[in-house]
Amino acid sequence: MKTQSQRIRPSSKTVWQKIASYFRSHGIVFHICAFILFIWAALLVFMLVWGFLVSITPYRGLDGYANNKTSIIPKAIDFSYYPESFKLIKAETPYGKMVNYGGLLFNSIWLTVGSTLAKLISTVCFSYVVARYNIPGKKAIYMFVIVVMMLPEYGQTVPNFTYLHSLGLINNPAFLLSQFNGHGSGFLIYYSFFVNVDKAYEESARLDGASEMTIFFRIMVPLCMPIIGTMFLTGFIGGWNDYSTPMIFMSEYPNLALGLFNYQQSRDYQGAPAYFAGLFIAALPVATLFLIFNKQLMTNLVIGGIKG
Amino acid sequence: MNKLAKKSRKFHVGTILFCCLMMFPAVSHIIIFWAGIQFSAIKMAFTDYYTGEFTLFGNFEQAINLLFSTKGADVSFAFANTCQFFLVGVLNTFLALFAAYMLFKKMACYRFTRIALYLPAAISGLMIARLFNQFCMADGPLGAIVEAFGGSMQGTSLMTNESTAKITIMLYDIWVGLGGSLIIWYAAMNRIPPHLLEYGQLEGIGVFREFFSVVMPLIGPTFVVMFTLQIVNFFGSSGSVLVFTRGKYGTTTIAFWLFNIALGETENLYNAANAAGLLFLVLTIPILIVGRKIMNKFGQEVQY
């Protein structure tokens, strides 16, 4: 039971006292390291701020797009590059079809959501059965996943392309079928969660007459929701920013990332401000998701576990 | 009683159907796509591109010639670059581990630092790379800093110069590349039971002693997984070459060379590239075994 004075004491500390107590809590080396890390992070933010300022600065030709060198604050502000970038950023497919900003955005959405959901559904269902049921070859499946994860992927680009080409999946929306990949690190994350869920949950549900489907959808999925959400988020972020997969396998369906990747080399390139405006617009959905869910993202992804 | 219940559940038709249904997407993906691609890779490595007939060593010879002959000098040069980018990746993983610990110890402004360090991994890598590229130009902030010290970057570009392109990409990878590993280390540290850390603190150990004597042994399994994955990707180390230089200006890597072939620029090399891929896979195995043996010392009870 806390006394009145104990309850008051922490809040009665002034800001200076708090700072002093923080500095006393660790040695000088710790504070130097913390300072370096802070500067490291601050420079990253500075680069983003600088990029944003360039995107609202009137364009002054190829050699002078940047702001006044002595100050990063622009002398004039011009937001017109933001609506303009919608018109400027487009992509030409290998067969000569022109895809405008709307088309790029549409491709980004269906490709990202489709592939993320495909991977998620496949991985959750697969890991759940392997973790919770005594199926034959359970250990072999687990070992298979580990071994596959160990196999390098860099030599697979060519056979992947030729094989999918032979199946007619290149430049075909059915390409999403190849995304139902149930193994990999996602499997291990879900597996370690499901294997640790108390058996009492499903046993009491079974006593109440619940079917396997009911147990899975009404008990296990809600319990696993924080991890599912985090995995969806990381998958979405990765898919949204991925330009190499559409570049190789879906070049007739370029997404926003690929459009922006190709735009700088295109004849339509009209300088950094419009390009940066396009980049900022494209980054908006994932940046918003990240800023809202960054805490969940930072604490829910565990691979390897800890000892004990 | 428990055994009986298990047995009856094991043979329950509804349960079997449920398991089959749940495993269907993943298992069919493994059979159709994963196994299909592996089979296709092996078949291509042993098939002559022009005649379509079986060849035991033809593609491997071509791959080795490309990798080590003067004709394929850029590819053998790529090997050296791959090794360097691999070392940068290892350095990054260690730096991320250190950064995660600083955040875990709630350094000043840790919330801001955490978000800022992970931000490049969350928003488009392309965007960060393009910003960095312009950032380092004569008209960007770096140019202004150089000018402030009496120098000039006019007419020079760090990314289009053979002597600076690779080192600039490496510095970029170190600067912005902490996020991906940071998230894993940070999550692992957050799973450490607080009472274990409190015991150490009661004994009066400092933060760095705590890091090496308490935190590192506890996150040993994560350490093993992270570095195993790093070793596996040895020949795939490529840094941000694709987005900055597309392999030009002395920055090409093995992974980029294979990637370029897949893009169809040199279709007649498909089979040789597959053979090279298989060669690298075989070469990775001893590296992996040695690496795993060393790392298992850090985390013998690995629970993936």
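A search of the whole structure, a predicted model, turns up two cavities of 30 Å³ or more. Rolling a probe the size of a water molecule over the atoms shows where such empty space is left. Take the second largest cavity. Its volume is about 40 Å³. Its lining consists of A:Trp240, A:Asn241, A:Leu256, A:Ala257, A:Leu260, A:Ala282, A:Ala283 and B:Ser124. By class, six of these residues are nonpolar, two are polar and none is charged.

Which helices supply the lining of the second largest cavity? In chain A, helix H10 (212-241), helix H12 (256-263) and helix H13 (272-300) each bring at least two residues. H12(A) gives the most, with three.

A:Tyr101 counts as buried, at 4% relative accessibility. Leaving out residues up to four places away in sequence, A:Tyr101 touches A:Ser85, A:Phe86, A:Ile89, A:Leu256, A:Gly278, A:Ile281 and A:Ala282. Among the cavity-lining residues are A:Leu256 and A:Ala282. A:Tyr101 and A:Leu256 are 155 residues apart along the chain, yet their C-alpha atoms are separated by 7.4 Å.

Next comes A:Thr112, also found in helix H5 (residues 101-132) of chain A. A:Thr112 is buried too, at 2% relative accessibility. Beyond its neighbours within four places in sequence, A:Thr112 is in contact with A:Asn107, A:Phe236, A:Gly239 and A:Trp240. A:Trp240 is one of the residues that line the second largest cavity.

An α-helix has 3.6 residues a turn, so residues three or four places apart point the same way.

Now step back to chain A as a whole. Its secondary structure comes to 13 helices and two strands. Of its 308 residues, 50% are buried. Among contacts between residues at least 6 apart in sequence, 68% join residues at least 24 apart.

The cysteines come next. How many disulfides does a search over all chains find? The search finds zero. For A:Cys33, the nearest cysteine sulfur is that of B:Cys109, 16 Å away. A:Cys33 is buried, with a relative accessible area of 17%. A:Cys224 is buried, with a relative accessible area of 0%.

B:Cys109 also stands out for its backbone. This residue has a positive phi of about 55° although it is not a glycine. B:Cys109 is found in the loop between helix H4 (73-104) and helix H5 (110-122) of chain B. At 45% relative accessibility, B:Cys109 counts as partly exposed.

A:Asn171 is not a glycine, but its phi is positive, at about 55°. A:Asn171 lies in a loop as well, between helix H7 (157-166) and helix H8 (185-194) of chain A. Is A:Asn171 buried or partly exposed? A:Asn171 counts as partly exposed, at 22% relative accessibility.

Terms used: Residues numbered from 1 in each chain as written. Chains lettered and ligands numbered in written order. Predicted model: local features only at pLDDT ≥ 70, side-chain atom pairs only at ≥ 80, totals over all residues. Heavy atoms only, no water. 1 Å grid on protein atoms, 1.4 Å probe; cavity = no way out; pocket = protein on both sides within 12 Å on 5 of 7 lines; lining within 4 Å. Points joined across faces, edges and corners; volume = space filled by probe spheres on them. Helix = DSSP H or I, 4+ residues; strand = E, 2+ residues; numbered from the N terminus. Nonpolar A, V, L, I, M, F, W, Y, C, P; charged D, E, K, R; others polar. Disulfide = S-S within 2.5 Å. Buried < 20%, exposed > 50% of the residue type's maximum accessible area, 1.4 Å probe, protein only. Contact = heavy atoms within 4.5 Å.
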